[in-house]
Amino acid sequence: MAASPLWASGCAAVAQQADTHGGAAGDMRGTGDLGVVIQRARGAITVVNTSHRALLGEVAGLGDLSHASVVFSRDGRDAYVFGRDGGLTQVDLLRERIVRRVMQAGNSIGGAISADGTMVAAQNYVPGGVKVFDAKTLDLLADLPATYGNGRRSRVVGLVDLPQRRFAYSLFDAGAICIADCADPANPRVHTLEGIGRQPYDALVTPDGRYYIAGLFGEDGLAMVDLWEPQPVARRILAGYGRGQQPLPVYKMPHLRGWAVAGRHAYLPAIGRHEVLVVDTATWQEVGRIPVAGQPVFVMARPDGRQVWVNFAVPDYDQVQVIDTPSQRVVDTLRPGRAVLHMEFTPRGEAVWISCRDDHLVRIIDTATRQTLATLAVDAPSGIFFTARAQRMGF
Amino acid sequence: MPPVLFPVLRWLSPVRSGFQPQVDEAVRSVGTGAASAVRAVCAIALAAVACAAAAQGASAPFTVPSLQRQSALVRMVRQDCGSCHGMRLTGGLGPALTPQALEGKPLLSMASTIYGGRPGTPMPGWSAMLTLDEAHWVARQLATGFPEEPARTAP
């Protein structure tokens, strides 16, 4: 009979969990096929399941989610949601509720999680800089103001995680790249590379963590840093890709985060041009450019690298194009819905989820056949983030 | 006077009516190569006249968009301008566009920036998607507190 109190308490715990999931999910669950869809106008996220292609529940009260982004704890249970208003919210995906929430800045643009999962970093416009938090408690561990010139503070873009509790980010106003070593968060060390080019607007790190690439808005070209060098320096790649042509108006900044490295090639959006640039990551020379339907916003490689999917800025944002990487040709042009804002591949890439803001739906497409597998009704969906990001560097 | 100023100044004329397309054509016909220079000249001209108008307590006349078009413009500002300025217009890569942030900025200068962009910054000209009159309407709404999009009824 000594076991009975234990049995009883175990039963109570199960009952409590069953309550939080509406009675149906007393079963233990994993998180590898979960994700979130941002409903930016409502300040809410919808928790989704990618195996069942289902909406599980909504978590509201997350503040201003225009340009929200999400990283995941390495166990895939918690989502860290970065809001425009500086809110950083830890959401339990299984219980579908807020665990912790801090207002950490006046204007924020996203974040990253350290490779060991212990630190979450937020990149901020106001006040310009990076703040590093304990992933468990959201206690502030380190404050890295992006000071330059006469004590001014730059807006921070292109924050990525690097091995060894390091982060890299770029300073839009200062034209610099910073590498922050937070191994000892009480004494963070920031190494700044100056003069990398004008107005870096976003960046990516290659899947091996070796190359950090910042796109430049203020000039044709990108800045690239080989992080494996003992003394990393910034080099210019694809300089002058515009060939002196007058750029088209850029109605929306492209995104580089969420790299499009497929095989030995990187696929990058051209600024002010209806082109995707192809660069050889062995030589960092341009090897091609692919004409596309509009100004690319996201250029994303399917996880196996066989395809690259591209969406576009207004007014061409009802289209999505598929590039076949072996032939480097556009092989399909899809119209999944009005105002396509984001795409996210399932972990192995057999399907892609596409948010169609003005049709208030998420369309799920088979990436091989391009047939629609399901559509889910979501109010003005924007970003889509799956927990598989937890296992990928630079996501 | 550079020829491009002619339609701009005509636009500012208190007796103008119904020649908006001429302004668009004049600005576009200069060609993309000189677009930045044109924009800069326009901005200076508009700002100068705006100061004069403000000093006289006058406001430039313009055509108010239809209610349906206003609704489309509100959505465009919240959603598309919101990419850089934030859906709540509190700023992002682009500056805040709240009445507090815009206090003291001449409407004509704002309209000019919306229509022609701001060279040297990521702000593009939106002349492919709205008219100068509509840009002026948007500027006025921004200055006084931009309308919210109507809440969507449940699907």
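Trainee: How many salt bridges does the rule find across the interface of chain B and chain A?

Mentor: A salt bridge is a side-chain nitrogen of Lys or Arg within 4 Å of a carboxyl oxygen of Asp or Glu. Across the interface of chain B and chain A, the rule finds two. This is a predicted model, in which local features need pLDDT of at least 70 and side-chain atom pairs count only at pLDDT 80 or more, while totals for chains, interfaces and linings use all residues. Residues are numbered from 1 along each chain as its sequence is written, chains are lettered from A and ligands numbered from 1 in the order in which they are written, and side-chain values use heavy atoms, with hydrogens and water left out.

Trainee: Which residue of chain A does B:Asp80 bridge to?

Mentor: The partner is A:Arg357, with the closest N and O atoms 3.9 Å apart. Both A:Arg357 and B:Asp80 are buried, where buried means under 20% relative accessible area, exposed over 50% and partly exposed in between (1.4 Å probe, protein chains only).

Trainee: Which residue forms a salt bridge with A:Glu344?

Mentor: A:Arg389 does, at 2.8 Å from N to O. A:Glu344 counts as buried at 5% relative accessibility, and A:Arg389 counts as buried at 8%.

Trainee: How many salt bridges are there over all chains?

Mentor: The count comes to 24. Among them is the pair A:Arg289 and A:Glu275, at 3.0 Å from N to O.
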